[in-house]
Amino acid sequence: MKGHLFIISGCSGVGKGTLLKLFLENHPEIKLSISATTRNPREGEIDGINYFFISKEEFEKAAQNGEFLEWAEFSGNYYGTKKNYIEKTLAKGIDIILEIEVKGANQVKSKMPDAVTIFIMPPSINTLETRLRGRHTEDESAIQLRLKEAEREIEAGKKFDYIVVNDNLETALNNLEKIFNSKAWGKQ
Ligand code: ADP
Ligand code: 5GP
């Protein structure tokens, strides 16, 4: 049997990375896809672990060669999921999670309708801004761009299969766990 594909989206700073790190510690059997991006690495990020950090030229060439399952521009940079790894992993019967923004999520969902889409919702825009600023990884102009993307993303997120509000971290983690455990999606 093929593996299941899960897509997790949510505004920058909502806590996707934090939730997924905790979730995957309990689920070593599930793989997290590593995306390619043209943005610069943040302090502590490692090429091949957090992302494949590539140049704009390399990215555009890979896109032209049809190497991406999906890709999108977000906040001034390109981000994309390489098709090869996803197809091979699913064919081995291994479940895989894509942590990608909503335009890419919609591209994948239209190509692969069995993919399960989960949107991580902030409790409020104010809380989102506090978290984004509290992370201290972006400068002011990048924060403004990311907040501008957030309202559009929240509207798009309302159409996802599941919504998890990340207010209390433990509650959000439990709700994520319930979605994966329910297996209701497997019967779709
Ligand atoms: P994303 O991956 O969605 O961009 P992060 O996981 O980097 O977001 O989280 C952004 C910031 O918010 C981090 O500093 C993280 O520690 C904090 N955070 C995440 N979830 C919660 C939560 N439920 N309550 C309070 N702070 C949180
Ligand atoms: P960040 O720069 O904060 O790591 O990521 C910015 C946004 O890009 C996040 O919403 C993240 O989910 C999204 N993203 C990361 N990888 C991909 C990808 O491969 N494709 C798409 N479409 N979005 C991605």
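Student: How should I read the numbering and the values?
Tutor: Residues are numbered from 1 along each chain as its sequence is written, while chains are lettered from A and ligands numbered from 1 in the order in which they are written. In this predicted model local features need pLDDT of at least 70 and side-chain atom pairs count only at pLDDT 80 or more, with totals for chains, interfaces and linings using all residues, and side-chain values use heavy atoms, leaving out hydrogens and water.

Student: In what order do the 5 strands of the open sheet stand?
Tutor: Strands (E, at least two residues) and helices (H or I, at least four) are DSSP runs numbered from the N terminus. Two strands pair if DSSP finds at least two bridges between them. The pairing here is parallel, and the order is E2-E7-E1-E8-E9.

Student: Why is one side of E2 and of E9 left without a neighbour in the sheet?
Tutor: Strand E2 (31-32) and strand E9 (162-165) stand at the edges, so one side of each has no neighbour, because each has a single partner strand.
The pairing of E1 with E7 is another part of the sheet to look at.

Student: Which residue of E7 is the bridge partner of Ile7?
Tutor: Strand E1 (residues 5-10) and strand E7 (residues 96-99) pair in the parallel sense over 4 bridges. In E7, the partner of Ile7 is Leu98.

Student: At about what angle does H4 run to E1?
Tutor: H4 covers residues 102-111 and lies across E1, E7 and strand E8 (116-121). Axes are lines fitted to C-alpha atoms, for helices over the stretch in contact, and angles run from 0 to 180 degrees between N-to-C directions. For H4 and E1 the angle is about 155 degrees.

Student: Is Lys109 buried or exposed, or in between?
Tutor: Lys109 sits in helix H4. Buried means under 20% relative accessible area, exposed over 50%, and partly exposed in between (1.4 Å probe, protein chains only). At 22%, Lys109 is partly exposed.

Student: Which side chain joins that of Lys109 in a polar contact of 2.9 Å?
Tutor: Leaving aside neighbours within four places in sequence, Lys109 is in contact (heavy atoms within 4.5 Å) with Ile7, Ala115, Thr117 and Asp161. A polar contact is a pair of N or O atoms within 3.5 Å; within protein, one must be able to donate a hydrogen and the other to accept it, and residues adjacent in sequence count only if both atoms are side-chain atoms. The backbone oxygen of Ala115 lies 2.7 Å from a polar atom of the Lys109 side chain. The side chain joined at 2.9 Å is that of Asp161.
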